[in-house]
Amino acid sequence: DWQAEFKHWLGDKFERSDIGSRPIIHRSGQCMLIPGFKYHIISMSLLGKKDVIESIKEYGFNLMIVDEYPSFKNDKADRTEALQKLSTSIPYKLFLSGTHIMNNVVEVWTTLNIIKPDHWPSKERLIAKCDRAANNRILGINKYYRPQFFERTQDYIIRRTKKDSGIKLPKFRENSKMLGLEYTPEFVKKYNKILDEIEALVSDKRDGAYAARQVGALLPLLSKLRSAIGVAKVPTVVGLVQEFLDNTDQEDKIAIGVHHHLVLESLQNALSEYNPICISGLDNATSKIKKVQEFKTPERRLAILSILAMGQGHNLQFCKNAIIAEREWTPTKEQQFAERFHRIVRNEDGTVKVEFDDAKDSVVVDTLNAKDSIDEFFDELNRLKKGIIGSGVDQEFHYDVSFLRDLAENCTRARLKSELN
């Protein structure tokens with residue numbers, strides 16, 4: 001909430017200052033930049049509108065701050081092209097993100113090009129410095145070029161971990177829990193049938209163009225497994241949440257992170273007695289903010305949240321307990337969601353809290369995995385993806401350059417068995 005941040009930065013000056021020093025927020029509709037105001041907060045979704053771009057150029061801004069800049073990773077998107085056009089008329093630029101790279105290093109090319117176009121004049125130049133998988137997929141920065149990359153970017157990429165910032169935070173504990181689920185014979189049959197299709201694909205070891213097509217065919221099948229396991233975990237998640245809410249203090253809250261809307265609806269119905277707050281990709285920005293504020297109230301103790309919809313721009317540090325019920329393709333998506341709960345905490349007077357009670361203030365995020373299912377595949381996939389991401393943020397990070405086909409093979413070796421006869 002940038003308006004709240006402005007108020008915090010200015011303190012009493014925010015209330016006493018002239019009206020022109022207060023920020024104007026533009027979320028939708030026409031972007032009318034009223035003369036005399038110093039600060040304008042503009043939704044990135046508005047940047048694709050031609051009249052918005054022109055009005056920003058004419059206003060004469062000196063500084064542009066881009067929050068969550070990985071949202072502009074697609075250099076062909078209208079809003080990304082608009083951002084590139086705007087950057088030429090604004091002398092100072094600052095790009096912010098809690099997660100530098102999402103899937104691969106090339107995703108930051110737009111930002112690098114805007115900041116230092118002479119270093120990064122084309123995406124192809126950055127791609128040439130990266131390794132590729134057997135299917136030609138772009139991976140991380142080549143280990144031989146990595147020292148040069150970090151030397152070249154050290155003057156304009158500032159990486160600070162939470163520890164580096166010096167700000168004290170409550171303890172943060174992430175747990176990976178393996179669940180032994182009970183499956184019906186019908187479920188097992190359908191699940192293993194999808195594995196048969198995957199096995200038939202990965203048994204063909206051809207490389208080149210065929211390998212690329214093979215990956216394209218694998219992903220939808222893996223997505224089916226992912227959705228099925230998400231639904232299968234619902235009864236276990238319900239039991240864990242019921243136990244938490246029935247055996248903890250009234251002030252304790254818990255959030256569930258999901259991927260599929262069907263899983264969200266199933267949990268909402270099963271936990272209706274607790275009147276959960278539900279936020280999905282169907283909620284617009286205003287609705288999300290309103291529901292987060294509602295979740296803060298003492299009587300609302302449970303929230304069921306889309307991991308993707310709530311991964312950026314929201315502060316949930318008033319909730320100390322969370323469950324990641326479904327796995328994501330990209331580890332940083334899970335990381336972003338988990339870090340919504342582990343953030344700066346303020347005292348009632350607005351000062352930053354620096355002393356914490358470990359028993360009361362610690363943040364706990366549990367990731368739930370179904371044993372012998374695709375969830376174990378995601379654990380391995382995400383470990384390797386973290387390596388690819390690490391190659392762009394950590395000079396000493398190394399990774400395995402071929403993974404998808406091998407991991408799919410591993411997935412097919414773990415067949416589900418019915419516990420019900």
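How much of the accessible surface of the chain belongs to carbon and sulfur atoms?

## Surface and ground rules

Of about 22,300 Å² of accessible surface, 49% belongs to carbon and sulfur atoms (Shrake-Rupley, 1.4 Å probe). This is a predicted model, where local features need pLDDT of at least 70 and side-chain atom pairs count only at pLDDT 80 or more, while totals for chains, interfaces and linings use all residues. Numbering starts from 1 along each chain as its sequence is written, and side-chain values use heavy atoms, with hydrogens and water left out.

## Overall layout

The chain has 17 helices and twelve strands (DSSP runs numbered from the N terminus: H or I of at least four residues, E of at least two). Of its 421 residues, 46% count as buried (under 20% relative accessible area, 1.4 Å probe, protein chains only). Take the contacts (heavy atoms within 4.5 Å) with a separation of 6 or more: 71% of them are between residues 24 or more positions apart.

## A parallel pair

Strands β3 (residues 63-67) and β4 (residues 92-96) run parallel, joined by five bridges; DSSP has to find at least two for strands to pair. V66 in this pairing sits opposite F95 of β4. Getting from β3 to β4, the chain passes through helix α4 (residues 78-87) in a right-handed β-α-β crossover (clockwise from the first strand over the helix to the second, with the strands pointing away from the viewer).

The largest nonpolar core holds 44 residues (buried Ala, Val, Leu, Ile, Met, Phe, Trp, Tyr and Cys joined through side-chain atoms within 4.5 Å). Helix α9 (residues 185-202) gives the most to this core, seven residues. L267 is among the residues with the most contacts inside the core; leaving out residues up to four places away in sequence, L267 touches V234, V237, V238, I256, V258 and I304.

Apart from that core lies another, of 28 residues, including L86, I90, I114 and L126.

How values were computed: Buried means under 20% relative accessible area, exposed over 50%, partly exposed in between (1.4 Å probe, protein chains only).
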